[in-house]
Amino acid sequence: MADFYSTLTRSPLGKTVTGSLGLPQPASLRRGRTLPERPVALGAIGAAGLAAQTLALLGVDAVDALLDTPETRTTDDEGKARPPAYEQRLGGLVLDATAARTIADLETVRALLRPALRSMGSSGRVVVLGVQPEAVDGVEATAVAQALEGIVRSVGKEMRSGGTANLVQVAGTSAQELASTLLFLLEGRSAYVSGQPVRIGTVGQVPAPEARPFEGQIVVVTGAARGIGAGIARVFARDGATVVAVDVPAAGQPLAAVANEMGGTALQLDITAPDAGRRIAAHVAGRYGDGSRIHAVVHNAGITRDKLLVNTDEERWQSVLEVNLAAQLRINDVLLDPELPGGLSDGGRIVGVASTSGIAGNRGQSNYAASKAGVIGAVHALAPLVAHRGITVNAVAPGFIETEMTGKVPFATREFARRFNSVQQGGRPVDVAEAIAWFADPASAAVTGQVLRVCGQSQIGA
Amino acid sequence: MTSIPRTAVIVGGNRIPFGKAGGAYAAASNQDMLTAALDGLVARFGLSGQRLGEVAAGAVLKHSRDFNLTREAVLGSALDPHTPAYDLQQACGTGLETVIQVSNKITLGQIDSGVAGGVDSASDAPIAVSEGLRKALIKAGAARTTAQRLKALGAIRPGDLTPETPRNAEARTGLSMGEHQARTAKEWGITREAQDELAAASHHRLAAAWDAGFFDDLATPFLRLTRDQGLRPDTSVEKLAKLSPVFGKGEGATLTAGNSTPLSDGAALVLLAEQEWARARNLPVLARIVDAEVAAVDYVGGGEGLLMAPAYAVPRLLARQGLSLQDFDLYEIHEAFASTVLATLAAWESPEFTRDRLGLEAPLGAVDRARLNVHGSSLAAGHPFAATGGRIVAGLAKMLSEKGPGSRGLVSICAAGGQGVVAILEAV
Ligand SMILES: NC(=O)c1ccc[n+]([C@@H]2O[C@H](COP(=O)([O-])OP(=O)(O)OC[C@H]3O[C@@H](n4cnc5c(N)ncnc54)[C@H](O)[C@@H]3O)[C@@H](O)[C@H]2O)c1
């Protein structure tokens, strides 16, 4: 739903008013499973072929990227040197910098970015591929790998008209393993993800990305009655999943509506109940057959009990940590039992929902930030423990997403949070949901232990 | 036709928390509440977009515009619109009678699955115009000239303008149900203390069941009401003893607002299916419907209490099944009034009643009170007339299934018009 400000600034009169006040003009973002309509350019440092192979796998015909050098520049009417220009506006640039090892290589990165950014169309995409800094030898090579992150984060902030820039850091990764991530970053699904590094490792064979990757799979979503959780349920259902929608009994009415819309089932359950994990498994085994197992569990249920720490008592502290952190750890323990009917399947997915507050902290949210940073810690700890079963563990860290939870934020703070990010607007539940579905995709098997911010590159909580 | 025996089983149920008349559901219609209960049931069992054999439900207080109440609720729900539906009405026995009806159709092989239950609103009760006004309006409507029309309307007297609200009264005796029950309570010597004890227990047991999450998979909140509105967890025999009698007169009057069910709003439904059909679809199989019986008494000239029909229905059902009254793990006797339950139990223990009225040699004997209405009943939950059967059947089926295969339960519901609907469930 468009907020008042976005609607106002898109109307001709509003544009003049907000424009003359110097206020940002939020763009209408490309969303969903849509590739850029305009051409995607492909450039590489040295002989790197990973991006080219992956784009070929995805069936994306890329045009050759232009290089800005003194020789390729032209002089305009006023005698100024102009970088080479693309014949038409671009939908995106994929820049394969996996072979960049020297500081001099970074000049090529600049030379590829400059013309592309000048020609970038709306909701454009810059995706830079680099190596994981730990995966290369030598101080300069490591520094160069890290430098790419600085470039991407800055480019993200310079992008206009709903454009995003992200970095994929690989380590022995194949085109098959990269495919789901490159597709996600090029498509409208990543509308609210910008300035972020994503790491991909290697696991061997992975399935190719599909339009409905969850066909016949069971996905459990907690806190599904409203807000982001309802959005997550919708995206999984769109992509073929059978959704088990979980929320507290008191939210039963909207929960039933979500489950019925999705053709899924509703499970009225407080996730802090000691037997919550067992009840989820029993519901799955009972409703979908003894042999059935969960493909993905999304721990989305969460609460806030904001107060300055000086005013926080044990009840406020405890309840937030219980719902946002302790409950999901207990549920994971139960669902990870390979013998339990209705448990998580091998090759399954666990996705947590952290928050930018958990990364940067937030005044009045020490309890909440503790729980959300805890989610991040749990992702890092659990991912390697279950990797041998093909299970991945990841989390999203949403920024400002328009829901009932953020509807409670005071007006001025809310307006500030909405605007103070690279795409100059609040995100939607679907944006968080798309990132979660990308983590949960069977084709994302090589993506684990990651925390992706879905925040439009917010300056708050940075 | 195949001859494989078919078994009708209860898969589960759903109700909305019951509201007080004029309370949380004051602005909701029967159709709103029935649709909400249906959508919650559909979500629980993943039936969205599916076609069921039928949906049978009813309401006791019903607007004439709601002639297709249940079908309209189906059309407004997430079920496949190709699911047939009909209304059925048997006063407070409506809910249980629909269960029997759907179960019989399943057993006969006419359908594989169905939903049964009912809804009632004491807040949105139909109001009828007086007989004088109604006749005048019909005459005016049929008039050909303006003059004739004016003449017809001129016949309306001021007294005719008072609307007729539905009364909780028997058409043939003019007595309210409470007045009838007050007579029965007196006749059986049911004490005020015994009634208040039963009422307090009902509230305490129902509150404990809500606290324990018993209703997590039996109820779906509606319009922000998350528990039964009339439930008073902190009531006590002492508090109940302070209330003044509202039915009956003088010294022996014992029926108070505390030991009589309040007027309520709500809806309750039960999902039934053929056993193998349910198993093939991974649906729970809680309990089978073993048998049912309906009895009616002559409360007009026959000297029997209005709400005593279950006392006749149960012995007939037991005889047919070769069971004794003590062969049950759980008993659910609808608490129209605390004294209804107590008078029914007393009748089964009475040698005179069993000999003179039932024509039996020995009394049925006592019911173990620890097995009776263990999670409370209508006094605490409220009693939206047609919804009570669905509430009781779904809850009992769940309890029996928890007790394990072979556990047996008896349901007994008294109804206006001197009728009683009873049934036996058994966990599978
Ligand atoms: N909205 C944002 O901007 C934002 C930003 C960062 C992170 N998040 C996180 O995203 C998640 C969803 O947020 P939202 O904005 O949709 O919130 P919301 O309050 O709209 O929805 C949260 C849902 O979780 C349910 N829930 C709460 N406690 C539960 C429990 N014990 N058991 C089961 N369900 C329970 C609630 O009933 C509710 O339906 C939360 O974890 C939140 O911390 C939100």
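This is a predicted model: local features need pLDDT of at least 70, side-chain atom pairs count only at pLDDT 80 or more; totals for chains, interfaces and linings use all residues.
1. The largest nonpolar core has 71 residues, and Phe236(A), Ile436(A) and Leu452(A) touch the most other members. Residues of this core come from both domain 2 (31–200) and domain 3 (218–454) of chain A, so the core lies between these domains. A second, separate core has 45 residues, including Ala311(B), Phe337(B), Ala343(B) and Leu379(B).

2. Leu452(A) shows what such contacts look like for one residue. With neighbours within four places in sequence left aside, its contacts include Phe184(A), Val193(A), Gln196(A) and Val198(A). Also among them are Ala395(A), Val396(A), Ala397(A), Ala435(A), Trp438(A) and Phe439(A).

3. In chain B, Val422(B) belongs to strand E12 (residues 419–427). Is Val422(B) buried or exposed? Its relative accessibility is 0%, so Val422(B) counts as buried. Not counting residues up to four places away in sequence, Val422(B) touches residues that include Leu96(B), Ala292(B), Glu293(B), Pro310(B) and Ala313(B). Val314(B), Leu317(B), Val411(B), Ser412(B) and Ile413(B) are also among the residues that Val422(B) touches. Between Val422(B) and Ile111(B) there are 311 residues of separation in sequence and 23 Å in space, C-alpha to C-alpha.

4. Some nonpolar side chains are at the surface. Phe416(A), Phe420(A) and Ile460(A) make up a nonpolar surface patch, and together they have about 270 Å² of accessible area. Phe416(A) sits in helix H14 (residues 411–419) of chain A. Its relative accessible area is 46%, so Phe416(A) is partly exposed.

5. The next points concern charged side chains. Side chains of opposite charge can pair when their charged atoms come close. Over all chains, the count of salt bridges is 37. One of them joins Glu404(A) and Arg226(A), with an N to O distance of 2.8 Å. This pair links distant parts of the chain, 178 residues apart. Glu404(A) is in helix H13 (residues 404–407), whereas Arg226(A) is in the loop between strand E9 (218–222) and helix H7 (227–238) of chain A. Arg226(A) is partly exposed, at 44% relative accessibility.

6. Arg234(A) and Glu261(A) also meet in a salt bridge, at 2.7 Å from N to O. Arg234(A) is in helix H7 and Glu261(A) is in helix H8 (residues 252–262) of chain A, so the pair ties together parts 27 residues apart in sequence. Arg234(A) has a relative accessibility of 37% and counts as partly exposed.

7. In the salt bridge between Asp346(A) and Arg389(A), the closest N and O atoms are 2.7 Å apart. Asp346(A) is in strand E13 (residues 344–353), and Arg389(A) is in the loop between helix H12 (366–386) and strand E14 (392–398) of chain A. The two residues are 43 residues apart and link distant parts of the chain. Asp346(A) is exposed, with 52% relative accessible area, whereas Arg389(A) is buried, at 15%. Elsewhere, salt bridges with shared partners join Asp68(A), Arg73(A), Glu107(A), Arg110(A) and Arg114(A) into one network.

8. Which residues have a positive phi without being glycine? Leu223(B) has phi near 45 degrees, and Asn282(B) has phi near 55 degrees. Leu223(B) is in the loop between helix H7 (192–211) and helix H8 (237–241) of chain B. Asn282(B) is in the loop between helix H9 (275–280) and strand E9 (287–296) of chain B. Leu223(B) is partly exposed at 40% relative accessible area, and Asn282(B) is partly exposed at 27%.

Key: Residues are numbered from 1 along each chain as its sequence is written. Chains are lettered from A and ligands numbered from 1 in the order in which they are written. Side-chain values use heavy atoms; hydrogens and water are left out. A nonpolar core is a set of buried Ala, Val, Leu, Ile, Met, Phe, Trp, Tyr and Cys residues joined through side-chain atoms within 4.5 Å. Buried means under 20% relative accessible area, exposed over 50%, partly exposed in between (1.4 Å probe, protein chains only). Domain bounds come from an automatic or database domain assignment. Contact means heavy atoms within 4.5 Å. Patches are made of residues with over 30% relative accessible area and no salt bridge: like charges are joined within 9 Å, nonpolar side chains (Val, Leu, Ile, Met, Phe, Trp, Tyr) within 5 Å. Accessible areas come from the Shrake-Rupley method with a 1.4 Å probe; for residues, only the protein chains shown count as cover. A salt bridge is a side-chain nitrogen of Lys or Arg within 4 Å of a carboxyl oxygen of Asp or Glu. Helices (H or I, at least four residues) and strands (E, at least two) are DSSP runs, numbered from the N terminus.
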